[in-house]
Amino acid sequence: MATPEKTEEPPKVTPLLELAKCSKATPSPNPDKCGPIITIVVGSAKKIREFHVYEGLLSHYSSYFKAALKGAWKEGALKTVELKDDNPEVFKAFFHWINTGKLYFAPNASGEIPLSEKLICEIYVFGDARGCPDLCNAAIDLLLQKMHEAWRTALAELPFVYENTLRGSALRKCLVDDFVDNFRFPNLTDVIQRDAELSRYPQEFLAEIVVAFMALGSTPIPSAAGWGNLPYSKNNWVTHIKPLICSRYHDHPAPPA
Ligand SMILES: [Zn+2]
């Protein structure tokens with residue numbers, strides 16, 4: 001008798017949190033008007049990568065590239081832009097997004113989002129610096145999906161985010177909300193761990209957390225019913241956050257005049 005084939009257990013992966021497509025996103029440009037190909041050289045030394053993108057796509061989504069590629073500038077004349085200080089992995093995500101509307105091509109071998117929380121925050125900062133609000137919105141959406149998948153707060157990313165964003169930024173707001181909703185600051189007042197623990201939190205972040213809790217007043221934390229009792233807390237958070245994403249975290253560019 002033939003030995004039955006060993007059947008592998010399918011990996012237990014949290015299904016991707018489905019989010020509605022932003023109804024105010026910038027529509028795609030007319031492919032007929034995408035113009036010549038621009039070479040973008042990203043990074044320096046060993047971490048350098050070249051990308052080839054239609055000029056019309058770059059100018060359509062990013063005010064930075066729109067200005068840089070005007071004929072009068074060197075970049076516009078040479079059809080080449082160098083971004084020495086940027087991370088090629090961040091540009092790769094931008095490249096995917098500009099061509100497909102998604103920040104990555106496929107899930108990783110475990111069926112999970114292949115981008116780290118750190119990289120997603122870097123994509124937001126890149127979008128912010130390059131005048132590309134739709135990219136920032138896409139990064140926020142993916143960060144929320146990543147938080148849902150990994151079910152952890154982006155504690156390790158706080159210093160990077162607070163060093164690279166301005167007060168009132170949507171990324172900060174998203175992280176503060178998530179900490180209020182889903183984190184209970186363990187060890188924060190523990191005398192033994194206090195110094196090490198406190199150094200993980202930027203001062204401005206702690207101030208924003210205090211303001212956020214004060215703003216709640218006597219209202220219970222919106223997603224906290226059943227907190228600590230998975231999957232109830234996660235489902236509550238999803239139900240609470242989904243309808244808020246577009247109005248609370250997205251920056252919608254004005255439609256072209
Ligand atoms: Zn939106």
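This is a predicted model: local features need pLDDT of at least 70, side-chain atom pairs count only at pLDDT 80 or more; totals for chains, interfaces and linings use all residues.
The zinc ion comes first. Four protein atoms hold on to this ion as donors: the SG atoms of Cys22 and Cys246, ND1 of His250 and NE2 of His252. These donors lie 2.1 to 2.2 Å from the zinc ion. What arrangement do the four donor atoms make around the zinc ion? The angles they subtend run from 96 to 120°, and since four donors count as tetrahedral if all angles lie between 85 and 135 degrees, the arrangement is tetrahedral. Along the chain, the donors of the zinc ion follow the spacing C-x223-C-x3-H-x1-H.

Next come the helices, starting with H5 (residues 117-129) and H6 (residues 133-150). Their axes come within 8 Å and cross at roughly 165°. Angles over 145 degrees count as roughly antiparallel, so that is how H5 and H6 run relative to each other. The crossing of this pair is left-handed. On the H5 side, the contact is made by Glu117, Ile120, Ile123, Tyr124, Phe126, Gly127 and Asp128. H6 brings Leu135, Cys136, Ala139, Ile140, Leu142, Leu143, Lys146 and Ala150. Sorted by class, the residues of this contact come out as eleven nonpolar, one polar and three charged.

H6 also meets H8, and here the axes come within 11 Å and cross at roughly 20°. With angles under 35 degrees counting as roughly parallel, H6 and H8 are therefore roughly parallel to each other. The crossing of H6 and H8 is right-handed. Ile140, Leu143, Leu144 and Met147 of H6 touch Ala170, Leu171, Cys174, Leu175 and Asp178 of H8. In this contact of H6 with H8, eight residues are nonpolar, none is polar and one is charged. Ile140 and Leu143 of H6 turn up here as well as in the contact with H5.

That leaves H8 (residues 170-182) and H10 (residues 203-216), which pack at an angle of about 60° with their axes 10 Å apart. How is H8 placed relative to H10? The angle makes H8 oblique to H10. H8 passes H10 in a right-handed crossing. H8 puts Arg172, Val176, Phe179 and Val180 into the contact, while H10 supplies Glu204, Phe205, Glu208, Ile209, Ala212, Phe213 and Leu216. These residues divide into eight nonpolar, no polar and three charged.

How values were computed. Residues are numbered from 1 along each chain as its sequence is written. Side-chain values use heavy atoms; hydrogens and water are left out. Axes are lines fitted to C-alpha atoms, for helices over the stretch in contact, and angles run from 0 to 180 degrees between N-to-C directions. Helices (H or I, at least four residues) and strands (E, at least two) are DSSP runs, numbered from the N terminus. Angles under 35 degrees count as roughly parallel, over 145 as roughly antiparallel, 65 to 115 as roughly perpendicular and the rest as oblique. A crossing is left-handed if the near helix is turned anticlockwise from the far one by less than a right angle, and right-handed if clockwise. Contact means heavy atoms within 4.5 Å. Ala, Val, Leu, Ile, Met, Phe, Trp, Tyr, Cys and Pro count as nonpolar, Asp, Glu, Lys and Arg as charged, and the others, Gly among them, as polar. Donors are N, O and S atoms within 2.8 Å of the metal (3.2 Å for Na, K and Ca); water is not among the atoms, so sites may look incomplete. Four donors count as tetrahedral if all angles lie between 85 and 135 degrees; four count as square planar and six as octahedral if opposite donors are over 155 degrees apart and all others between 65 and 115; anything else is irregular.
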